[in-house]
Amino acid sequence: MDRFRGDEHREIHKPKASMLNRSMTVHNAANPIEFPEKPIYFYPSPPPIERNGSVKKLHSSSLGSMGSSFKGTVKKLCSLFESRKPSNLQPQSPTKPAKSFNSDSRVSSFSDLGSTLPGTKDSVVIYFTSLRGIRRTFEDCYTARMILKSFRVKIDERDISMDSAYKKELQNVLGQKNVTLPQVFIKGKYIGGAEVIKQLNEVGELSKLLRGLPLRPPGYTCEGCDDMRFLPCSNCYGSRKYFDEDEGQLRRCPECNENGLVRCPLCCS
């Protein structure tokens, strides 16, 4: 009985066959596939590198070969371009050194121009424009005026944008129809434009030209026009017309310009 119980016990603990049991699902191939063995290649080992000076030798050898090839290429290109140059070229003349601004010759040349402004021997006259239509012209006029005002001399400013008669006057004095602005006269003699004024100021010759002219007090401003040089006409009040009682009709005012303005009697007398 004990033997049967032992067998029964062994049958109870015997593992059951299942589909997931690998031991039951192993299939032995009748004719197994034989894969050929991969050939083994033996490459020759690189030569040993000498530690002492091997890198320097390699670097110097590569640079030497590259430098020689580069020099050879440059020589070929130079010979190619030299062969294409025409043989009848004239030798170039050496460049002349730039002339320096000689203040003495420049100042003496002003008297040779022959352009003089009568009635202005004791003053500075500048023809300019206050309009900002052309930026470069406005900046040149402003620069020339500021340089002259820094010497505190009395300046007769003639704005052609406020009175067209000044433009005609300047054309007659210079003998040219197309004139550029600004134009400066010192002691009745014609000096030039903004560039001449700036150069004379840089070399210190402008102060010599202005020597002897009457000076204005520091911070002085005209009480009549506030340095605007013009006032509204007191006859037509800027309308440029007045009523003629004798003829009973309007007439053009003879005292003001085309803008209805007259020169300030205090600063422009």
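The largest nonpolar core of this structure has 31 residues, and the model that shows it is a predicted one. Within this core, the residues with the most contacts are Val124, Tyr127, Phe185, Ile186 and Leu206. Two or more core residues come from each of strand S1 (124-128), helix H5 (135-149), helix H6 (165-174), strand S3 (183-186), strand S4 (189-192), helix H7 (194-203) and helix H8 (206-209). S1 supplies the largest share, five residues.

**Cores and contacts**

- In soluble globular proteins, nonpolar side chains tend to be buried together.
- Beyond its neighbours within four places in sequence, Phe185 touches Ser115, Leu117, Ser123, Val124, Val125, Tyr127, Leu170, Val173, Leu174 and Tyr190.

- An open sheet is formed by four strands in the order S2-S1-S3-S4, with mixed pairing.
- Strand S2 (155-159) and S4 are the edge strands, each pairing on one side only.
- From one strand to the next, the twist averages 25°.
- S1 and S2 run parallel and are joined by five bridges; the bridge partner of Ile126 is Glu157 in S2.

**Helices packed on the sheet**

- Helix H5 packs on the sheet and touches S1, S2 and S3; the direction of H5 makes about 165° with that of S1.
- Helix H6 also packs on the sheet, where it touches S1, S2, S3 and S4; the direction of H6 makes about 70° with that of S3.

Definitions and conventions:
Residues numbered from 1 in each chain as written. Predicted model: local features only at pLDDT ≥ 70, side-chain atom pairs only at ≥ 80, totals over all residues. Heavy atoms only, no water. Core = buried A, V, L, I, M, F, W, Y, C linked by side-chain atoms within 4.5 Å. Buried < 20%, exposed > 50% of the residue type's maximum accessible area, 1.4 Å probe, protein only. Contact = heavy atoms within 4.5 Å. Pairing = 2+ DSSP bridges. Axes fitted to C-alpha atoms, helices over the stretch in contact; angles between N-to-C directions.
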